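Biologist: I would like to learn how to read a helix and its surroundings. Can we work through an example?

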Amino acid sequence: MVHALREQLRPDQIAVSILNLGYLATAPDEENNLETTTQETNGDLIPLSDVIQALRFISSTSKASCVKEIHMPAMNDRNV
């Protein structure tokens with residue numbers, strides 16, 4: 001469906017991206033930072049801050065490019 005949507009919107013220069021995530025770790029409060037979340041999950045979960053960085057990357061690209069897909073499993077995710 002995403003590929004068809006991307007092709008339909010191409011003439012209007014609207015890029016459609018998909019972000020394939022593994023298991024996501026979210027910090028329960030603002031005091032937890034990336035280092036703490038990464039250590040606590042032992043690489044089994046993706047820190048939310050990594051996902052935000054990926055979204056920033058996608059939105060910062062020029063109209064000349066289209067980020068089709070980003071696969072982002074956790075480092076220790078075996079379900080890839």
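Biologist: Which residues make the nonpolar surface patch of about 300 Å²?

Modeller: Keep in mind that this is a predicted model. The patch is formed by L21, L24, L48 and I52. I52 belongs to helix α3, residues 48-60.

Biologist: Is I52 buried, exposed or partly exposed?

Modeller: Buried means under 20% relative accessible area, and exposed means over 50%. I52 has 37% relative accessibility, so I52 counts as partly exposed.

Biologist: Which residues of α3 are buried?

Modeller: The general idea comes from the geometry of a helix. An α-helix has 3.6 residues a turn, so residues three or four places apart point the same way. In α3 the buried residues are V51, A54 and I58. They lie on the same side of α3, because the arc they cover around the axis is only 60°.

Biologist: What does the face turned away from the buried side of α3 carry?

Modeller: That face carries the exposed residues R56, S59 and S60.

Biologist: Which strands do the buried residues of α3 pack against?

Modeller: They pack against β1 (18-21), β2 (24-25), β3 (46-47) and β4 (69-72).

Biologist: How many helices and strands are there in the protein chain?

Modeller: The chain has 3 helices and 4 strands. Along the sequence they follow the pattern α-β-β-α-β-α-β.

Biologist: What share of the residues of the protein chain count as buried?

Modeller: Of its 80 residues, 20% count as buried. The chain exposes about 6200 Å², and carbon and sulfur atoms supply 54% of that area.

Key. Residues numbered from 1 in each chain as written. Predicted model: local features only at pLDDT ≥ 70, side-chain atom pairs only at ≥ 80, totals over all residues. Heavy atoms only, no water. Patch = residues over 30% accessible without salt bridge, like charges linked within 9 Å, V, L, I, M, F, W, Y side chains within 5 Å. Areas by Shrake-Rupley, 256 points an atom, 1.4 Å probe, with all protein chains shown as cover. Salt bridge = Lys/Arg side-chain N within 4 Å of Asp/Glu carboxyl O. Helix = DSSP H or I, 4+ residues; strand = E, 2+ residues; numbered from the N terminus. Buried < 20%, exposed > 50% of the residue type's maximum accessible area, 1.4 Å probe, protein only. Arc of directions from axis to C-beta. Contact = heavy atoms within 4.5 Å.
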